Amino acid sequence: MKMIAKRGIFLWILSALFVAGIVFLAVSFVSHGSEWAMKNYNQHLYHNGELIGAGTIYDSKDRVLAETVKGKRVYSENATTRKSTLHTVGDPKNFISTGVQSTFDSKLTGYNLMFGVYNIERYGRGNDMKLTIDSELCNTAYNALGGRKGTIGIVNYKTGEIVCSVSSPSYDVEDVPANMENNDYYEGVYINRLLSAQYVPGSTFKLVTAICAIENIPDIYNRTWVCNGGFTPKKGVEIECNANHGSSINFNDALAKSCNSVFAQLAIELGEDKLTATAKELGIGSAVKISGEIESFEGKFKLNNAADDLLGWTGIGQGETRLAPITMLRIVSAIANGGTAVSFNIVDDFANQAGKALNITLPTNKVEMIDANTAAKMKNMMRYNVEKQYGDGSYPGLNLCAKSGTAQIDSYDSHNIAWFTGFMDDESRPYAFVVVIENGNSGSQTAGPVANQVLQALVAG
């Protein structure tokens, strides 16, 4: 009798373990089924390690960027388009991890829990995807970079739709250079520089310091400072300025003239805690998410009991801070949008093999990143920058609000990182932008004209 009881208990244990195993397998299948299906040894989807079983990718004007034809993945008929949209679309082998072909592979292939990738066998292709980018505008941006390493991003700051995203260097997936792996020109070619580059922000970071000053120094607009070509903290080495700005420079002119002396003093006065808090509020140290799936470099901002000179260098964007350009794009977008940052999106919609919209919900979060009053003041100051310093004549018809930056990497001007970022203050054309060019000398002189060229093309339609 005892033996029968023991055997009964043993059978119950086995049954419980079996049920637990089934439950574990089911949960794992639900959680990871799409990942298992997307492995490159799945011959329904891949051939020689290259994705083939995916739907067509279109730009915002319904131009084909990638499609599957007779079991082979082919890309735009236009060679420039293949290069300008490479980092957005992705490459056949998914070396570019931020491309939509990699990030949205399960949706593009039409995978679902019930039928797996059966539709690939049935239709020979997956779900179609429409993007928010305009490939012709991307071509203009790619050509404007002129082969230089860098990036250009443009977003509708009201809706969050990215209309231009270009990273250089790039290459033609239909004609891959034979020497790409050992050619210095292609260094970092698989990196989307808009999302994943780690740049010194230079004077564009003065926007962050300015926001912190407005929120923490009540009489900031009533003050004046002295700039004799530099500022030396009580402890530390001199922080050089780009010019001698005189004995009575105010806050507006300090930003317009990008005065290092003033902003170094402001950073030291504000202190580590306030600067760190503002940087965090502006998203520095947090990834920017695109369409809820693609993530940027988080950014780096650490002071850790910094001495006065490092505080000063940080306040002018020459410290240890590192940013992805899209982080700065999000900050200026929030300024333009009254302090509210909206979710960035590069995917418009999906349609199944029969052409029916899938109505996939994408994030539409809104974050009150900056106080509305502070944002309004920053908008006025950035508009003053263009009127006073850069000149409206250099950006005709754009009603531009902007800030340049020249991040020094070493003592050679030609090795600088040139920044230009801002937005059009126009309800009918609510676009923010960022341009970064490596080895670009001056931000306003190098990146500024590139920004104008692309924005004029955007306005012209």
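Student: What is the N to O distance where the side chains of Arg63 and Asp134 meet?
Tutor: The model is predicted: local features need pLDDT of at least 70, side-chain atom pairs count only at pLDDT 80 or more, and totals for chains, interfaces and linings use all residues. Residues are numbered from 1 along each chain as its sequence is written, and side-chain values use heavy atoms, with hydrogens and water left out. Arg63 and Asp134 form a salt bridge (a side-chain nitrogen of Lys or Arg within 4 Å of a carboxyl oxygen of Asp or Glu). Their N to O distance is 3.0 Å.

Student: Which residues are linked with Arg63 and Asp134 in a network of salt bridges?
Tutor: Asp134 is buried at 14% relative accessible area (buried is under 20%, exposed over 50%, partly exposed in between, with a 1.4 Å probe and protein chains only). Arg63 is partly exposed at 31%. The network also takes in Asp59 and Lys61.

Student: How many residues apart in sequence are the parts that Arg82 and Asp172 tie together?
Tutor: Arg82 and Asp172 form a salt bridge, with the closest N and O atoms 2.6 Å apart. Arg82 lies in helix α2 and Asp172 in the loop between β8 and α8, so the pair ties together parts separated in sequence by 90 residues (helices, H or I, at least four residues, and strands, E, at least two, are DSSP runs numbered from the N terminus).

Student: How many disulfides does the count come to?
Tutor: A disulfide is a pair of cysteine sulfur atoms within 2.5 Å. The closest cysteine sulfur to that of Cys241 is in Cys227, 3.8 Å away, so the two are too far apart for a bond. The count is zero.
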